[in-house]
Amino acid sequence: MVSDVPTLPNERIAYLEELVHTARNAAAVFSQYTQLDVDRIVKPMVVAGLEQAQHLARMAVEETKLGVMEDKAIKNMVATEFVYNYVKDKPTVGVIREFPERGVVEVAEPIGVILSLTPITNPTSTVLFKCIMAIKTRNAVIFSPHPSAWRCCYEAVKVMYETALKHGAPEGVFSCLESHTLEDNAFLMHHKDIGLIDATGGPSVVKAAYSSGKPALGVGAGNTPVYLEKTADLNMAVVDIITSKTFDNGTICASEQTVVIDDEIYDAALKKFTDLGSHVCSTEEADMLASAVIDPETGFMRPMAVGQRAADIARAAGLKVKSNCKLLITPIRGVGRSHPLSLEKLFPVLSVYRASSVDEALKVCVDVNHAGGLGHTAVIFSRNDEVVRKFGEVINAGRIIVNSPGSVGAFGGIYNDMVPTFSFGCGTGGGNSTTDNVNVYHYLNLKRVARRTQAHMWFRVPNQIYFNLNAVENLRRLPSNSTVIVTNPSLEQFGLVDIVRRHLPCNTAIHVSVIPDAEPETTVVMQGVEALNLYKVDQIVALGGGSVIDAAKIMKLKYESPDADLQELAAPFMDIRKRVVEYPSEKIHRARLVAIPTTSGTGSEVTPFAVLSDKRRGRKVTLADYSLTPDVAIVDPQFVMSMPKGLTADTGIDCLTHALEAGVSIYASPYTDSNAMQAIRLAFKYLPIAYKDPRNEEARSMMHNASCIAAIAFSNAAVGVNHALAHAFGARFNVAHGRANALMLPHVIAYNASVPTKFTPSPNQRGYVAHKKYATMADLLGLGGQTVEEKVGNLVAAVEDLLDQLTMPRSIAELGISRAEFEKAMPELAKTAFDDPSWRSNPRMPLVSELVELFWKAFEGRLSAKERAHKSHTA
Amino acid sequence: MNVATMAMRFQVEQERITSIVQEAAQKLEKTDVDLVLDFSSVSRLDTSAVEALEELAQLAENRGAEIVLREVNIDVYKVLKLIGLTTKFEFTAKTTDGTES
């Protein structure tokens with residue numbers, strides 16, 4: 001209990017505690033009921049409510065002295081029959097909705113005990129409505145009626161309770177506070193066993209409910225603007241407005257308060273109101289009426305007017321009207337406290353405003369809406385869909401009723417297909433938690449049982465891959481009128497461009513675009529695009545290493561979609577299927593991209609990635625999209641036969657790293673595994689041979705294939721933390737990418753194979769498998785070992801042996817980088833590595849401190865084979 | 001508590017939950033004894049059964065006795081949880097090998 005709960009006499013506390021205790025037990029027992037059980041109870045309750053509709057209406061009018069008995073009887077019938085019609089087939093127990101395609105099931109959980117405050121204006125109908133909702137949802141309710149409507153509410157609760165009990169409801173499921181005070185309400189609102197407060201009433205009641213700290217449904221006052229637009233069906237509109245505003249003498253909070261009428265139809269509208277029994281007040285009469293019905297101090301209605309007949313109100317105000325006058329019409333010239341009749345009037349007094357334009361009309365409606373009616377209800381009569389749309393946009397109301405009565409229309413189910421209710425949510429504008437027509441779903445806790453779903457995976461590769469010696473001959477199969485060969489100067493000098501030129505179809509116009517042998521820059525790319533436009537190419541042949549192929553990918557993108565914004569397209573993303581940016585699908589040109597790699601490492605000929613250096617802005621952008629993947633890859637070893645040893649080693653290790661990282665990636669699949677494993681096997685077997693014997697055609701060919709196959713794996717499974725470290729380190733110390741990878745590789749395998757500090761969330765993986773996958777790789781390589789741990793150890797040793805065979809540096813220190821220099825660079829290295837997207841597919845989620853640790857391990861370096869053997873022997 | 005040797009046992013039947021629980025309460029009032037109520041045949045509680053269990057729990061607390069409810073099904077257990085009675089009783093269930101947990 002909180003401290004602001006009022007002090008009550010002990011006997012009163014005991015009474016209230018017993019009330020809650022009984023309701024709590026009833027709710028607990030009720031939680032065992034099935035859908036069939038509750039439906040068997042609800043139907044006879046509805047019938048009982050219908051049978052007692054007139055009796056309860058009569059009681060309500062006699063007790064409250066508000067409203068019209070006949071209308072209250074109709075409200076009681078709506079509260080039972082119409083609400084039943086809505087809820088009867090709705091599941092509200094157990095599983096209520098299933099979404100098999102999403103693996104989600106919604107299960108209903110009752111709230112328990114609801115404290116329900118009911119109003120004086122709609123007393124019995126509100127009780128009937130809430131009783132039906134509560135039984136349908138297996139909740140117990142303690143009713144706290146407005147003191148001036150207690151007897152009729154008590155009777156309504158009694159009718160519902162006795163019928164419910166007779167048909168199997170738990171004892172104590174409904175109760176009604178007797179002789180209660182505001183202090184009782186405050187006590188109950190703070191009681192630990194009250195699950196929800198459902199407060200229907202004035203602003204003070206709603207505020208008290210929300211202030212209690214309990215979950216609450218508070219629905220309160222309105223001030224309904226009506227726009228009577230010039231295209232409206234005037235006959236229908238005026239009858240609807242009179243029907244609605246005079247219904248139960250205007251006690252429904254959704255009823256019309258101010259009608260804003262277009263100038264063109266204003267006089268005709270007022271004449272119709274008059275013809276149908278309304279009295280249009282003069283200015284003097286309007287002033288007299290305002291003084292009589294609105295308290296100038298508070299701006300609120302005077303209670304004497306609420307729910308009274310128009311003629312009686314007129315008499316009380318000193319106006320002379322016909323005894324059968326239905327409605328008092330008061331022209332106003334503004335909205336707000338200085339125009340008292342523009343405020344809420346729960347009686348048959350209706351303000352009218354003459355508007356000279358749609359714009360003015362909408363503004364006045366917004367003013368009325370904001371003068372106490374936010375979130376509640378608004379009405380428009382119009383046959384102009386554009387005006388209706390605009391009205392719906394500018395008015396803040398949970399219910400915007402079109403071409404029908406406001407009060408009766410807001411109930412739902414009569415004039416429209418809204419949910420039937422006696423409780424209108426007014427949203428935050430009205431200080432409420434919902435704008436809905438309150439219904440059974442607000443009396444339930446909805447639980448979502450969400451099954452693990454497997455994300456759709458993919459395996460995408462270029463349409464055509466030609467491989468083995470002289471695969472370049474396949475260029476002849478590719479028809480082209482105009483081809484640009486993108487390459488770099490050294491390849492042209494070595495005659496490789498001529499080889500390509502010879503294999504293009506003889507009717508193809510061939511042009512060569514030579515770009516520098518470095519990571520492509522924006523200016524270089526844009527010059528290339530100019531060439532593509534100049535020659536109106538339909539084919540681009542990228543001949544070179546990763547940089548050339550990347551440049552060609554971006555040239556193609558800009559050639560086909562000139563408006564593509566490379567900076568925007570390079571925006572970071574976590575899941576390519578959910579990325580924010582979209583690559584252009586509209587293309588003004590189309591060109592086939594053929595990639596012929598001249599190194600065996602990057603695999604750019606089959607990847608959807610391209611790195612661009614933007615020197616002007618001093619940064620790199622990485623583009624990633626499957627639309628960047630070349631259309632054709634030609635993996636012909638004749639283009640790598642002359643690769644220098646160092647480059648062979650660097651690119652070869654890059655290839656191996658791709659395969660190792662794709663193999664343990666959280667996006668790995670059987671499709672990528674098969675490629676990753678094969679690439680690992682080929683790299684271990686052929687890389688040392690290609691390194692030692694560069695003219696060995698088989699080794700070159702197999703390493704060229706390994707590079708492509710590894711790239712197919714990582715194009716679909718991505719890489720990992722090794723690449724994140726290598727990118728940061730390589731950029732900072734200007735170390736070749738493959739060499740940087742090599743320095744990290746043994747340490748990263750050991751890191752991934754140990755129990756992670758943090759797991760990377762990976763819905764596609766069942767448990768942590770990185771160490772087992774490394775063991776499988778060791779088995780594939782025939783490295784021996786009995787346990788997973790031994791096999792991982794053997795794999796690390798095999799990688800270290802391979803690196804030694806390639807005479808790769810064993811440590812960062814060996815590169816001549818001092819400890820002090822490295823230490824100084826460390827904060828930036830760690831930050832850059834953590835920002836790198838590569839690690840997001842790594843099985844182990846790296847902490848920044850772990851990245852630092854890995855950098856330092858790479859700095860200290862790996863042992864030589866001899867040192868390892870000695871260490872092993874000593875151990 | 002050594003359930004096997006010390007306690008008085010009651011087999012609670014679905015149709016007579018209230019009267020059997022009340023009977024158990026009467027025994028408790030007369031003798032200092034721990035009780036075991038077998039709920040294996042009970043699938044649902046009504047409000048009178050809930051009241052009887054509340055009274056039994058209060059009596060046991062006053063007398064320092066321990067009450068074991070045996071094989072309470074999950075729906076009934078949830079009712080007891082909602083009214084705050086699960087802390088007042090001990091619960092045992094038959095395990096798959098037939099022993100009680």
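Predicted model: local features only at pLDDT ≥ 70, side-chain atom pairs only at ≥ 80, totals over all residues.
Chain B comprises four helices and four strands. Read from the N terminus, these elements follow the order α-β-α-β-α-β-α-β. Of the 101 residues in chain B, 28% are classed as buried. Among the contacts in chain B with a separation of 6 or more, 72% involve residues 24 or more positions apart.

Within chain B, strand β1 (residues 8-11) is paired with strand β2 (residues 35-38). The two strands run in the parallel sense, and four bridges join them. In this pairing, Phe10(B) is placed opposite Leu37(B) of β2(B).

The contact between the chains draws 11 residues from chain B and 10 residues from chain A. On the side of chain B that touches chain A, two or more residues are given by each of α3 (47-63) and α4 (74-82) of chain B. The largest share of that side belongs to α4(B), which supplies four residues. By class, the side of chain B that touches chain A consists of five nonpolar, one polar and five charged residues.

In chain A, strand β11 (residues 327-331) is mostly covered, with four of its five residues buried. Strand β10 (residues 278-280) of chain A pairs with β11(A) in the parallel sense through three bridges. Here Ser278(A) faces Leu327(A) of β11(A). Strand β12 (residues 349-355) of chain A is also paired with β11(A), in the parallel sense and over four bridges. In that pairing, Thr330(A) is found opposite Ser351(A) of β12(A).

Several loop residues of chain A were examined individually. Asn463(A) occupies the loop between β15 (444-450) and β16 (464-467) of chain A. Asn463(A) counts as exposed because it has 10 C-beta neighbours inside 10 Å, and a residue with 12 or fewer is placed in that class. Although Asn463(A) and Asp631(A) are 168 residues apart in sequence, their C-alpha atoms are 5.8 Å apart in space. When neighbours within four places in sequence are left aside, Asn463(A) is in contact with Asp631(A) and Val632(A).

The loop between β16 and β17 (482-487) of chain A contains Asn468(A). This residue is not a glycine, yet Asn468(A) has a positive phi of about 85°. With 13 other C-beta atoms within 10 Å, Asn468(A) is partly exposed. A positive phi, near 45°, is also found for Lys536(A), again a residue other than glycine. Lys536(A) is located in the loop between α18 (522-535) and β19 (539-544) of chain A. Lys536(A) has 12 C-beta neighbours inside 10 Å and therefore counts as exposed.

The loop between α20 (566-569) and β20 (592-597) of chain A holds His589(A), and Pro584(A) is likewise in the loop between α20 and β20. His589(A) is classed as partly exposed because 14 other C-beta atoms lie within 10 Å. For Pro584(A), 17 other C-beta atoms lie within 10 Å, so Pro584(A) is partly exposed; the buried class requires 20 or more. Setting aside neighbours within four places in sequence, His589(A) makes contact with Tyr559(A) and Glu560(A). Pro584(A) touches Ser561(A), Asp563(A) and Ala564(A) when residues up to four places away in sequence are not counted. Pro584(A) and Thr522(A) are 62 residues apart along the chain, and 19 Å separates their C-alpha atoms.

Helix α22 (residues 670-692) of chain A contains 23 residues. From its first C-alpha to its last, this helix reaches 33 Å, close to the 33 Å expected at 1.5 Å a residue. At Tyr686(A), α22(A) bends by about 35°. A proline, Pro688(A), follows this bend within four residues.

Conventions:
Residues numbered from 1 in each chain as written. Chains lettered and ligands numbered in written order. Pairing = 2+ DSSP bridges. Expected span 1.5 Å × (residues − 1). Bend = angle between axes of the 7 residues up to and from the residue. Contact = placed C-beta atoms within 7 Å. Nonpolar A, V, L, I, M, F, W, Y, C, P; charged D, E, K, R; others polar.
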